[in-house]
Amino acid sequence: MLMPYRDSVRSSKSDKASSRTANEEVKVSLSAFSFLFSEMCTRAHNTPSKASNVEEIEQRLTSLGVLVGARLIMLSSLKDPLELQRRPITIEGALKLFQDKLWSRWFGKPANDLQRETGSDRFFIFDTEPIVLRYVYPSPEYLDGEGRWSINYASFMGGIVEGALKAIGFAAEVLTYHQPEPSKPHQSIFAISFAKHVWDRERRVRG
């Protein structure tokens, strides 16, 4: 899976370059990625059968994202072998890795915020403009009377986070919520709940 980068939109002249250096990072234009992602969303609606509700569509996108997330961790490790040696050993370290480094690498910009729910073990990552939603639009049946979306295709990103966390040893469930504001119509929240054995290990590490 080719992921877009913030600086990935290049001029047509650059896109037509016939050669690349051996270590040059291959990047995909945002418009090309958006086209591929819109096709993926269409397939989530209809494959292997027509989805019966919004939750089923979002779950299909999450499942696809889980597979991609595990592979992105593998690719990151190949690109920077030392990253294997610097993998976090605490939940806080894992989440900071996503917020500060991986989110920018995979989704084009840093996550806007990282919070822990008061009195809970859940964490929230905020993205005010998920890159996958920039040029993707739902059909009218998934819009309310005020034009707000009732479906969140950013579930694919939530799946990527879930798959990547599991790949580095932090098994978790990631749920994606659409929380629009007047100036942030696509704002999404990724709610992360770590598995019990991850918290047990956390307590042992912290002594």
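D100 and K96 form a salt bridge, with their closest N and O atoms 3.6 Å apart. That pair is a handy way into this predicted model, where the salt-bridge count comes to 11.

**Salt bridges inside helices**

- D100 and K96 both sit in helix α5, 4 residues apart, so about one turn of the helix lies between them.
- On accessibility, D100 comes out as partly exposed at 49%, and K96 is partly exposed too, with a relative accessible area of 36%.
- E56 and R60 are 4 residues apart in α3, which means they are separated by about one helical turn.

**Other charged pairs**

- D121 forms a salt bridge with R116, and here the closest N and O atoms are 2.7 Å apart.
- D121 counts as partly exposed at 39% relative accessibility, and R116 is likewise partly exposed, at 44%.
- E92, E202 and R206 are tied together in a network of salt bridges.
- As background, side chains of opposite charge can pair when their charged atoms come close.

**A cis peptide bond**

- Most peptide bonds are trans.
- Going from T47 to P48, though, the peptide bond is cis, with omega near 5°.
- If you want to find P48 on the structure, look in the loop between α2 (30–46) and α3 (54–79).

**A buried lysine in a loop**

- K109 belongs to the loop that runs between α5 (91–107) and β1 (113–116).
- Is K109 buried or exposed? Its relative accessibility is 15%, and buried means under 20%, so K109 counts as buried.
- The K109 side chain also makes a polar contact, at 3.3 Å, with the side chain of N112.

Key:
Residues are numbered from 1 along each chain as its sequence is written. This is a predicted model: local features need pLDDT of at least 70, side-chain atom pairs count only at pLDDT 80 or more; totals for chains, interfaces and linings use all residues. Side-chain values use heavy atoms; hydrogens and water are left out. Helices (H or I, at least four residues) and strands (E, at least two) are DSSP runs, numbered from the N terminus. Buried means under 20% relative accessible area, exposed over 50%, partly exposed in between (1.4 Å probe, protein chains only). A polar contact is a pair of N or O atoms within 3.5 Å; within protein, one must be able to donate a hydrogen and the other to accept it, and residues adjacent in sequence count only if both atoms are side-chain atoms. A salt bridge is a side-chain nitrogen of Lys or Arg within 4 Å of a carboxyl oxygen of Asp or Glu.
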